[in-house]
Amino acid sequence: MNRIVWIVAIALIPALFAVELLLGSVPLTFSEVLSALTNNDQSLQHLIVVKSRLPRAITAMAGGGGLALCGLLMQTYFHNPLAGPSVLGITSGASLGVAAVLLAGATGAVLPAAAVGSLLVLLLIMLIANRLKSQVSLLIFGLMIGYLTSSVVTILQQGASKDALRSFVFWGMGSFADLNNGEGLLLLTMTGLAALVAFALHRQLDVWTLGNDIAATMGVSRRRFTYQILLITGLVAGVITAYCGPVAFLGLAVPHLARGIWQRGNHATLIPAVVLSGMAIGLACDLICRAPGAESGFPLNAITSLVGAPVVIFVILKGRRVF
Amino acid sequence: MLKLENLQFGHSGALHKPLSIDIESGKLVLLLGTNGSGKSTLLRTLSGIIPPTAGMLKYDQKSVHIMTEKQRAKIIAYVGSKQTSFSGLSVEEVVSLGAWSAGKSTDVAALLASHDLLKLANKRIGEISDGEAQKVMLARAIAQQTSILLMDEPTAFLDHPSRKSWWNNMLQLVTDGKTVVMSTHDIAFIPENHPAIVALCIPATSGEVIVLENVDRAGVERFFGSVEK
C-alpha cells in the first residue's frame, strides 16, 4: 500500500512536467517538444518550450515543493496545524519589503528586499511564539501582520509611479512564469538542499512534536533548533516569495494532504512525502492557471487559494488533535 | 550521585530558601507539597529545562546546567505532567526516540510488552487516552536508559490497576539502581518496608524545604499530612 503511494507520487511529477511542456496556447506533440529541447534552432517551438514552458515547469516544481516543506517545518516548530508561510505573515513581510523597493523605483532590489522582509517577520514570530499559547492567537497575529503591512503598502502606493504600482500588483498575484531556466534551477537546487538539511534533522523534528520541555531533555537544543528552522524556512520561503510573489496556502495545505495520504506522522516519511506532493501540486496549480479560456492565465493565488482555503476550513472543523 | 548545592528555583525570584542535599543512586525521592507550591518548577529545574535562580546542581561533579542537551539526555530522563496531544508519531516511534536521544539502542518490542503497550504500538500518540499516553512517555523515558528519572505526577491519569503495576515497575527501577525523583499524591502504593526514601516537602508559602532522609512510608505519611494542610 505504502509503496504504491510512493510510486504514484514519484511518477506524477514527470507526468505533470511533461503535460506542462506539451499543453498551452500552442499544443505541441511529444516529438516536437523533444526536438525543441534538443535543437537550439531558434524555431517557434524551441522558444515556446525552452524559454517559456520549461522554466515555468521547473519553477512550479521548486516553488510548490519548497513552500510545502516550509509549511511542514513551521507546523512542527509551532506545534500548530495552521502555521504556514502565508498564514503567519511571512509572505506579508516579503510584500512589505518588495513594495518598499518597487514603489521607490529600485526594481533590481526585489530579491534581497523580499528575503529580508520575510526573515524579519519570521524572527518576530519566533520571539513572541512562547507568549502565543493557542493556535488561534498565532493565526490572529499573522493576520494582523498582514493588515499592518497592507496598510503600509497602501500608504507607500500614494507616491508611486503607475509602472511601479503595476509591477507590484502583478507580483502580488503570484506567478511561476517570470523566471528563466537558470533562476528556476537555482530555486530547485535550493529546495532540494533545504529538503536534505531538513531530512538530516528528522529525529529532532520528531522529538520536537513531543513538546518543548520533553525536547529539551531529549537532546534537542531549543536555541540551535530554532536557528536551524528559522534559517531553512526564512531562506526558502523568502527566496520563493521574492521570485514568485506571495503564493497563498500551498505551504499550509500540502502537509495536511500528505499526512492524509501517507497516514504517518514521522518526519523521515513526511519530509520526502511533503516535498514530492508540493512539487506535484505546484505543477498542477500552474497547469490550471494556464487552462484554456483564461486570456492571460488565471492569477496563481486565485488557484492556490481555491485549493488551500477548504483545507484550512477542514482542519478547523475537524479540530484534529493529531496532525 | 546527584548533588544540590544551595539550589534555589522559581520563575521570578526564589520562593524558597536554598536547598542542599546529596542524593545517592538507587534512591526513591518524593516531592510533596500542595498545588502551586513549586514541585513542577523544581522538577523542571532538576531536569535542566530551566536554570536555577541560584546555586548549583551537579551530577558526578559536573554541573547539569552547563551540559549540552545531548549530554544531559544520557543522564536524566524527564516525564512531564502535560500530555503531548499534537504529535502524529506512533507509540512505537515515540519509545524508540527515547533510545535515539541518548545515543543507545534498545529492544523496543520488549519495552512495549513490559508496559502493556504492544497492542497500541501502531496507534498515534495523540489518538490514545491520557493514561495510555502517560505509560508511553514512561516507556520512552526508560528507553533513554538514564541513571536519573524525573517525573511530574506520573500516575495522575492512570486507573487503579495501572497505578499498581506502574508502581511495581517503578520500584523495580529503583532496586536496579536508578534514582527516581517524582512528585506524587499517592504514596499509598509504596510498600511499607521500602527502605531509605528521601522526601522533599515544599511548603505552600515561602520558607524552608523540609528534607526527610532515610525514612519509610510511615515517616513520609506523617509529614505528608502536615505539608498538605
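1. In this predicted model, the contact draws on 24 residues from chain A and 30 residues from chain B. The area buried between chain A and chain B comes to about 2,400 Å², and carbon and sulfur atoms account for 60% of that area.

2. Across the interface of chain A and chain B one salt bridge is found, and in a salt bridge the side chain of B:Arg44 meets that of A:Asp213, with an N to O distance of 2.7 Å. Five residue pairs in polar contact are also found across the interface of chain A and chain B, with both residues at pLDDT 80 or more.

3. On the side of chain A that touches chain B, α9 (202-208) and α10 (212-217) of chain A each supply at least two residues. By residue class, that side of chain A divides into eight nonpolar, ten polar and six charged residues.

4. Within chain B, strand β1 (residues 2-8) is joined to strand β2 (residues 19-23) by four bridges, and the two strands run antiparallel. β1(B) is also joined to strand β4 (residues 54-59) of chain B, here by five bridges and again with an antiparallel course.

5. Which residues stand opposite B:Leu4 in these pairings? In β2(B) the residue opposite B:Leu4 is B:Ile21, while in β4(B) the residue opposite B:Leu4 is B:Leu57.

How values were computed: Residues are numbered from 1 along each chain as its sequence is written. Chains are lettered from A and ligands numbered from 1 in the order in which they are written. This is a predicted model: local features need pLDDT of at least 70, side-chain atom pairs count only at pLDDT 80 or more; totals for chains, interfaces and linings use all residues. Side-chain values use heavy atoms; hydrogens and water are left out. Contact means heavy atoms within 4.5 Å. Buried area is the accessible area (1.4 Å probe) that two parts lose on being put together, summed over both. A salt bridge is a side-chain nitrogen of Lys or Arg within 4 Å of a carboxyl oxygen of Asp or Glu. A polar contact is a pair of N or O atoms within 3.5 Å; within protein, one must be able to donate a hydrogen and the other to accept it, and residues adjacent in sequence count only if both atoms are side-chain atoms. Ala, Val, Leu, Ile, Met, Phe, Trp, Tyr, Cys and Pro count as nonpolar, Asp, Glu, Lys and Arg as charged, and the others, Gly among them, as polar. Two strands pair if DSSP finds at least two bridges between them.
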